[in-house]
Amino acid sequence: MVLNYIFPLFLLFHVGKPQPLSTENDKQQTQGVCKRFAYLKLYKVGSTTASFVLERLAVKHGLTLCLRKSQTCQAWTTHDTIGKMIEGGADSLREHVGGGDAVALTILRNPIERLISKYYFLQVTRHPQSPLRVPTYNQFLTFLKANPLEQIYYMSTFSRANHSDIKAAIQALEAIDVVGVTEDMDGFLTLTSYYLNVLPSDLAYKSQKIIVGRPKLEDFDPELQAHLRLVTAADFELYLHAERRYHFLKSQVPDFEDRRASFQTAQAKIDQRCSFKKTPSRLLIGNDCYKIGDLLTN
């Protein structure tokens, strides 16, 4: 897990130093001082993509990044935020970066897709030379038994001690200032630009940690699909609440569509092709994408 803390800083410059991506729409929007923020970095929700762009944003605006054991910092984007969220909720996240008008942010992903992503991520990292196959019912059941909290991942993060208390989980989620969904990453980052008081173009991004060739849910056996819907039911309820909150927050931004247009203009300039540059790890192949080792060509 050390890589989670090394790579974001290293890749601030791999992803690219902040470039002048301003658009005509940007000129109509006001950029002030970027607010301090804490990004609740959940696993397998596109969090690396979001954290990289937020770290780049922090560097551009002169905010001090929170690292392990940081005493004074203004922008927090590591997985350490999960423990703080479980310990004291959104207030503790904001307090860690100075309190006051600090902003707490997070994104949630469809829990079934998140669960499948976790399964294949472990396959790629533990067995880099093996082909990615659709798992049988029993194979996936073995994975679930070995990783029981993955079935209630959101509940275990937001409901704290009682993993079955959906009301407590929803209340904890409501306390986070900006909530988005992975399925609309562009919209989440557009929304974030408003709440952090920065230009939308400041948050243009390159997708990270894409697993090339991963089978999709529709490729799975119907019986396994039904089982996944069953075991993630509580997380799915929380995800739907996050989706509703996201749409509500968007509705509160008067110029949201103009901001989105500005963001998308900047985003169109980003090269999304996988680079597959090797990392120092023998397991993680590619800074921005993952691929089976014996198919690596460069």
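What percentage of the 298 residues of the chain count as buried? The figure is 53%. Keep in mind that this is a predicted model.

First, the overall make-up. The chain has 12 helices and 6 strands. If we take the contacts between residues at least 6 apart in sequence, 77% of them join residues at least 24 apart.

Next, one pair of helices. Two packed helices are described by the angle between their axes and the distance between the axes. The pair I want to show is α3, residues 47-60, and α9, residues 185-196. Their axes lie 12 Å apart, and the packing angle is about 30 degrees. Angles under 35 degrees count as roughly parallel, so α3 is roughly parallel to α9. The crossing of α3 past α9 is right-handed.

Which residues meet there? On the α3 side they are Thr49, Ala50, Val53, Leu54 and Leu57. On the α9 side they are Met185, Leu189, Thr192 and Leu196. Sorted by class, this contact between α3 and α9 has 7 nonpolar residues and 2 polar ones, with no charged residues.

Last, helix α11. This helix covers residues 233-251, which is 19 residues. From its first C-alpha to its last, α11 reaches 27 Å, close to the 27 Å expected at 1.5 Å a residue.

Which residues of α11 are buried? Going along the helix, the buried ones are Asp235, Leu238, Tyr239, His241, Ala242, Arg245, Tyr246, Leu249 and Lys250. Note that Asp235, Arg245 and Lys250, which are on that buried list, count as charged by residue type.

That is what I have on this model.

Methods: Residues are numbered from 1 along each chain as its sequence is written. This is a predicted model: local features need pLDDT of at least 70, side-chain atom pairs count only at pLDDT 80 or more; totals for chains, interfaces and linings use all residues. Side-chain values use heavy atoms; hydrogens and water are left out. Axes are lines fitted to C-alpha atoms, for helices over the stretch in contact, and angles run from 0 to 180 degrees between N-to-C directions. Helices (H or I, at least four residues) and strands (E, at least two) are DSSP runs, numbered from the N terminus. Angles under 35 degrees count as roughly parallel, over 145 as roughly antiparallel, 65 to 115 as roughly perpendicular and the rest as oblique. A crossing is left-handed if the near helix is turned anticlockwise from the far one by less than a right angle, and right-handed if clockwise. Contact means heavy atoms within 4.5 Å. The expected span of a helix is 1.5 Å times one less than its number of residues. Buried means under 20% relative accessible area, exposed over 50%, partly exposed in between (1.4 Å probe, protein chains only).
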